Every structure is written in C-alpha cells, then in structure tokens.
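Here's a quick briefing on charged side-chain pairs. Have a look at the sequence and structure first.

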Amino acid sequence: MISKLQHFLVSERVTYSRWLLSMLCLLLLVSAVAPQKPGSSQGESHHAKLDGKRVYYKSYGKGSEALVLVHCWSCNMDHWRDHIPGLAKRSRVIALDLPGHGQSDKPEVAYTMDLFARAIDAVLRDAGVKRAVLVGHSIGTPVIRQFYRKYPQKTLALVIVDGALRPFGNKQMADSMLAGLRAPNYKEAGTQMLAAMSGPQLSPEIQERIKESFLNTPQQVLVSAMEGMMDDSIWGQDKIDVPVLAVMAKSPFWPADTEQFYRSIAPRLEFQMWDGVGHFLMMEKPKQFNEAVIAFLDKNSLLKK
C-alpha cells in the first residue's frame, strides 16, 4: 500500500513539473511576441508626411516636449541607439531618419538644410511635440540651426556635436569632395573620407555601421546633401538666443578661435572640446555624451519630467 502511494505521489510530482515547465515556456513565448507598450525601450515607429513623402521616426515616451536626435550626412537614427535608453529615462526622445536617409523616402529632390529642417518640423507635428531640444551631429548642426531660424518658438535649446557654425575649408577643398562623390567610384572615396574622420579609437563594429549606412544612401542624396551644406546662404552670423551646448572633438580641423566664434553666435553657450576622440565622438563615448547632455538639460531646467 505504501509503495503504491509513493508511486502515485512521484507520478503526480512529475505531471505537475511537466505542466509547470509548459506554462513557463508559454509565458516566455508570449512575452517575446507581445507588442511593446507605448513608451517602452523599443520605441514607437511612425512616418510623418512632408511634401507627400514619408519621414521615418521613432518616439520614446510621451509629452509635448522632447529631445530630438538628428544624425549626420549619410547616416541614420541607428547611430543614436546606444544613447536612447539612457536619455529616454530623462525625457521624451525622438530619433528620425532625415529625408533620403535610413528608412525615410528618397525622392530625387534638392536635399537642402531647409528641407531637413522642415522634415524635423513635420515629425514634431506628427508626434504632437510643441517644443524641443535638438541634438545635431556634424551636418545635423546646420540642420538644427536652420530649424531654429524657421521655428524659434519651437526650439528650447540646441546641442552641437562636432558640427560647424561657419563654412569649413575652402572652395578647392569643397570642389574636391564633391568631385569624389560625383565620380563612379564614389563609394570608395566616401568610405575613405569617413574612415579618416572616424579616428583610431572607433571600434570596428561602429566603423562598419557607419560604412553600411553610407553605402545604403543613394549617390544623388550624398551629393545633394553635401551641396546643401556648402550653400553660402546657410552660414549667416545671426544670433542663437537659446541655450547651446557644443561638444567638439579636439582636432586640427577646428581653428584656434572656434570657441570664441561660437560664443559670438551663441551667447548662452557651453563649450566642451574632448581630447582623444574622432568625429563620431558620441558613438565612441556614449555614456559620457549622455552625461554631458543630461547635465546641460538639468542646468538650464529643460525637459523636466
């Protein structure tokens, strides 16, 4: 009798264990395929409309104010992926693919700084954002400056990431860069240029991400966006009256008077020049970059939760 009872209990434990294991597997499967809740770390994907074309963006969190991340020439929002989780803890974050880049439409149009600024505005309107702090890397700097010119009432502050507030180089340099991008072997010329700008500290994985986004950007977009950045009309010395953070990579590329000139344009400037980093400094040091941005937001009481 005791033997039969022991056998029954063992059998029941085995059955229960199998049932419990099945339930755990089912829960794991459901959690893996369940849609992410709004505001989760995955973000919400959207398309804003501009001139009948789609501008792709992702939104993290809620609110009428947001931190907007603007990538550089030939890149896309993926370049901010290591920053978004930390920044989204502080405020709503929006990352977008500029027209012609990433998952946004790529029509055959002139890719001017004005077009890019209007694209940001289309995204903000679609996302229900009334005011924003705009972060612009490289070409993203003249883009967000043009946004400020067109929509000052929507601009809380600007963050410059190794970007220019005045023309760089000379006409000969500009003509040489454009000639290389217009040539049949533009992919080789462009990847070499990006590699030279990246610096020796950039990991192979990040270098590959930068190269891949460049190779996936149509030649017409590359040429037109570079022409747009070299347009003399965008380099006026009109003042930027909102708070500005500039995080620059120490390099011979930047003249000795860079900080002084930036202060003449942006009186409310906080200027940082980082040593030992390349042009993609925020990708090299995402934690330090996030800390600098969050400290800037806190100091100026911006994007309060």
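Predicted model: local features only at pLDDT ≥ 70, side-chain atom pairs only at ≥ 80, totals over all residues.

Residues are numbered from 1 along each chain as its sequence is written, and side-chain values use heavy atoms, leaving out hydrogens and water. With a salt bridge taken as a side-chain nitrogen of Lys or Arg within 4 Å of a carboxyl oxygen of Asp or Glu, the count comes to 21.

**Within a helix**
- Asp121 and Arg125 pair up in a salt bridge, 3.0 Å from N to O.
- These two sit four residues apart in helix α3 (residues 113-127), so about one helical turn separates them; helices here are DSSP runs of H or I, at least four residues, and strands are runs of E, at least two.
- Asp121 is buried at 6% relative accessibility, while Arg125 is exposed at 53% (buried is under 20% relative accessible area, exposed over 50%, partly exposed in between, with a 1.4 Å probe and protein chains only).

**Around Asp238**
- Asp238 makes a salt bridge with Arg149, at 2.9 Å from N to O.
- That pair links distant parts of the chain, with Asp238 in the loop between α8 and β7 and Arg149 in helix α4, 89 residues apart.
- Asp238 also bridges to Arg145, with the closest N and O atoms 3.5 Å apart.
- Asp238 is partly exposed at 33%, and so is Arg149 at 25%, but Arg145 is buried at 3%.

**A network**
- Salt bridges with shared partners join Asp78, Arg81, Asp82, Glu205 and Arg209 into one network.
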